[in-house]
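The sequence and coordinates are shown first.

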Amino acid sequence: MLKRHAGWVIAAPATLAVIIFLVLPVAATIGTTFGDPDGLFAAYADFFNSGFRRNVLWRTLEISLITTAISLFVGFLTAYVVAKSPGRLKSLLIIAAVFPLLTGVVVRSFAWLIMLGKNGILNNFLVAIGVTNEPLSMLYTQGAVIAAMVYLFVPLTILTLVGVLENIPEDVVQASASLGATPAATFRQVILPLAVPGLIVGAVLVFTGSFTAYATPQLVGGERQMVMGTLMYQRAMVSFDWVGASTIAAIMVVLTITVVLAMSRMARRLNPMAT
Amino acid sequence: MMTSRIHPLLLLSTVLVYIFLMGPLIIVFGASLSDTTYLTFPPQGLTLRWFENIFKIGAFRRTIVTSLELAFLATGLALFIGIPAAYALNRYRVQLPTWLSTVFVLPILVPEIVFGFSLLKSVAVGASAPIFVALLIGHTLLVLPYCVRVISASLASFDFSIEEAAVSLGSPPIKTFFTVVLPNVRSGVIAAFILAFITSINDVSTSLFLTGPGISTLPIQILAHVEQFFDPTIASVSVLLMLLTVAVMAIIERTLGLTFLAK
C-alpha cells in the first residue's frame with residue numbers, strides 16, 4: 001500500500017503547500033471579483049467603464065509589447081555572437097549577463113533613476129555637448145519605463161537564447177553552407193527557424209514579466225506612467241478597494257495564462273524539429 | 001555552433017549591449033562613493049560615509065536582519081519540502097502523473113504581485129497570521145520552483161540503481177537517501193540554496209503587500225527610502241547587494257557552473 005503510493009507521499013508536502021497557499025488564495029482572490037450584488041461581471045464592467053483604468057491597461061500592454069520586441073531583438077543578436085564566441089570569452093560574456101540578472105530589480109531600476117534624473121549622467125552629458133541648455137525631465141515618461149524594462153529583461157533573453165542557439169547541431173549549419181547557402185541565407189532559413197521555440201519562450205517570459213511588473217514602473221514611471229501593477233497596489237493599499245485590486249489581479253492572471261498557453265501551442269506548431 | 005566570422009556590425013552591437021548592461025551598475029557603484037548629499041556621477045570626492053550611513057538608519061538595520069532571516073528560513077523550508085518532491089518526481093516518474101511537475105511551475109506562472117496580494121487577503125487578514133509568517137509562506141513558495149527544478153536537474157543524471165543496490169544490501173531507505181542519494185546531488189542542493197536565497201533577498205512583488213510600518217524587507221525599504229530621499233545611501237545599499245550577487249555567482253560557478261543558467 002505504502003509502496004504503491006510512495007511517490008505521492010514523498011511529493012505531498014510540497015504539492016499541498018502550493019495548493020493551500022498559492023492555488024486556493026489566488027482562486028479566492030479571483031472569486032471575490034464575481035461577488036458583486038450588481039451582477040456577476042459588475043467588477044469588470046466597473047474596470048472597463050473607467051477611461052483612466054482602460055488607459056492604464058492599454059499603456060501596460062503597449063509598454064510590455066515594445067519591451068518584449070526590443071528585448072528579443074537585442075537578446076537574439078547578442079546571444080548569436082555569444083554562442084559563436086570561443087570558450088573563454090563565451091564564459092566571460094555569460095557571466096556578464098548573469099551578473100545583472102542576479103542583481104535585484106530594485107537595484108537595477110534605481111540605476112535608471114540615477115541616470116535619468118535632473119542631476120543624472122545623461123542630462124549632464126546632454127548639457128555638456130550642447131544638445132540642450134537645461135536638464136530635460138526624462139524620468140516619469142513612457143520611454144524611461146521601456147528603457148529600464150528592456151534593461152531588466154535583456155540578460156534573460158540573452159541567456160535563454162544562448163542555450164537555444166548552442167543546441168543547434170553544427171551539421172545542420174555546415175550542410176546549409178556546403179549546399180551553397182550564403183551566411184545570410186543560412187541565418188534566415190536555418191538558424192532563425194530553429195531558434196523560434198527559444199524566441200517564444202523568451203517572449204513569454206518578458207511579456208508576462210513586464211505586464212505584471214511593479215518596482216520598475218513605480219520607480220521610473222511614477223504616478224504619471226501608472227501600469228497594472230502600480231494601479232493594483234494603489235487600489236489595494238491607498239484606496240482600500242480590494243475588489244478593484246482583485247479585478248486587476250484576475251485580469252493579470254487570465255492574460256498571463258492565455259499568453260503562456262497560446263505561445264506554447266505556437267511553439268509546438270512552429271518547431272521545425274517536431275515530428 | 002559553427003565558428004564562422006561574425007559581421008563587424010554585429011560585433012559592435014554586442015559591445016554596445018554589454019556597455020548598456022554594465023554601465024548603469026558601474027554608475028551606481030560610482031555614485032555610492034560620492035562625497036555629495038545628492039546622487040551624482042562621476043562621484044565628486046570619495047567617501048565611504050554613505051556605507052556607514054546605512055547602518056545608522058534603524059529601518060535599514062532592521063530590514064537587513066528581516067530579509068536575511070526570511071531568506072534563510074524560506075530557503076531552508078523550500079529545500080525541506082522541495083528535495084523530497086524533486087526526488088519523487090524523478091524516482092517515481094512512472095507512478096506519478098505528468099501534471100504533478102506542473103504544480104511546481106505554478107509559483108512562476110502566477111504573477112508574483114497577485115500571489116502576494118492573495119496571501120495578504122487569505123493568510124494575513126483571513127487567517128490573521130502574523131505578517132512574518134505570511135512573508136515566510138510567500139517566500140518559501142516563491143523559491144520552491146528553483147529548488148525543485150535545480151535538484152531535479154541534478155537527480156536526472158543520478159543512477160537510481162545505486163540506491164536500489166544499497167537498499168537490497170539491507171540499508172534502510174531513509175538512511176540510504178541521506179548517505180547515497182543526497183551526497184550525489186550535493187552540488188545541485190548548494191546551487192538551489194544559493195539561487196533561492198538571492199531570489200528571496202531581491203524579492204519585491206511578493207513582499208509588497210505583506211509589509212507595513214512594523215515589518216518590512218530590504219527591497220521594500222529601499223523603495224520607500226527613494227521616495228523621500230535622494231542621497232547616495234541607496235547607492236551604497238545597492239553596492240552591498242551587488243557584492244552579495246558576486247558571492248552568489250562564485251558559489252554557483254563552483255557547484256553547477258554558471259553556464260547552467262544559460263540553458
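## Overall fold of chain A

The model is predicted. Chain A contains 12 helices and zero strands, so that its pattern along the sequence reads α-α-α-α-α-α-α-α-α-α-α-α. Along the principal axes, the C-alpha atoms of chain A occupy a box of roughly 80 × 70 × 35 Å.

Of the 275 residues in chain A, 46% are buried. When contacts in chain A between residues at least 6 apart in sequence are considered, 73% link residues at least 24 apart.

## Contact between chains A and B

On the side of chain A, 78 residues are in contact with 74 residues of chain B. The greatest contribution to the side of chain A that touches chain B comes from helix H1 (residues 6–32) of chain A, which gives 17 residues. Classified by type, this side of chain A comprises 59 nonpolar, 15 polar and four charged residues.

## A helix pair in chain B

Two packed helices are described by the angle between their axes and the distance between the axes. In chain B, the axes of helix H6 (residues 112–126) and helix H7 (residues 131–156) come within 10 Å and cross at roughly 145°. The crossing of H6(B) past H7(B) is right-handed.

H6(B) contributes B:Glu112, B:Phe115, B:Gly116, B:Leu119, B:Leu120, B:Val123 and B:Ala124 to the contact, while H7(B) contributes B:Ile131, B:Ala134, B:Ile137, B:Gly138 and B:Leu142. By class, nine nonpolar, two polar and one charged residues take part in the contact of H6(B) with H7(B).

## Recorded transmembrane spans of chain B

An unreviewed UniProt entry lists "transmembrane region" for residues 9–33, 70–89, 96–119, 131–156, 177–201 and 233–252 of chain B. In the model, residues 131–156 of chain B are 100% helix and 0% strand, with the end C-alpha atoms 38 Å apart. Residues 177–201 of chain B are 96% helix and 0% strand, and their end C-alpha atoms lie 30 Å apart.

## The largest nonpolar core

The largest nonpolar core has 160 residues, of which A:Trp112, A:Ile114, B:Val28, B:Cys147, B:Ile151 and B:Ala192 touch the most other members. Helix H7 (residues 142–166) of chain A gives the most to this core, with 17 residues.

Which residues are in contact with B:Cys147, leaving aside its neighbours within four places in sequence? They are B:Ala78, B:Leu79, B:Gly82, B:Ala192 and B:Ala196. Among them, B:Ala192 is itself listed with B:Cys147 among the core residues that touch the most other members.

Key. Residues are numbered from 1 along each chain as its sequence is written. Chains are lettered from A and ligands numbered from 1 in the order in which they are written. This is a predicted model: local features need pLDDT of at least 70, side-chain atom pairs count only at pLDDT 80 or more; totals for chains, interfaces and linings use all residues. Helices (H or I, at least four residues) and strands (E, at least two) are DSSP runs, numbered from the N terminus. A residue is buried if 20 or more other C-beta atoms lie within 10 Å of its own, exposed if 12 or fewer, and partly exposed in between; C-beta atoms are placed from the backbone. Two residues are in contact if their C-beta atoms, placed from the backbone, lie within 7 Å. Ala, Val, Leu, Ile, Met, Phe, Trp, Tyr, Cys and Pro count as nonpolar, Asp, Glu, Lys and Arg as charged, and the others, Gly among them, as polar. Axes are lines fitted to C-alpha atoms, for helices over the stretch in contact, and angles run from 0 to 180 degrees between N-to-C directions. A crossing is left-handed if the near helix is turned anticlockwise from the far one by less than a right angle, and right-handed if clockwise. UniProt positions are given in the numbering used here, feature names are shortened, and annotations may be inferred rather than shown by experiment. A nonpolar core is a set of buried Ala, Val, Leu, Ile, Met, Phe, Trp, Tyr and Cys residues joined through C-beta atoms within 7 Å.
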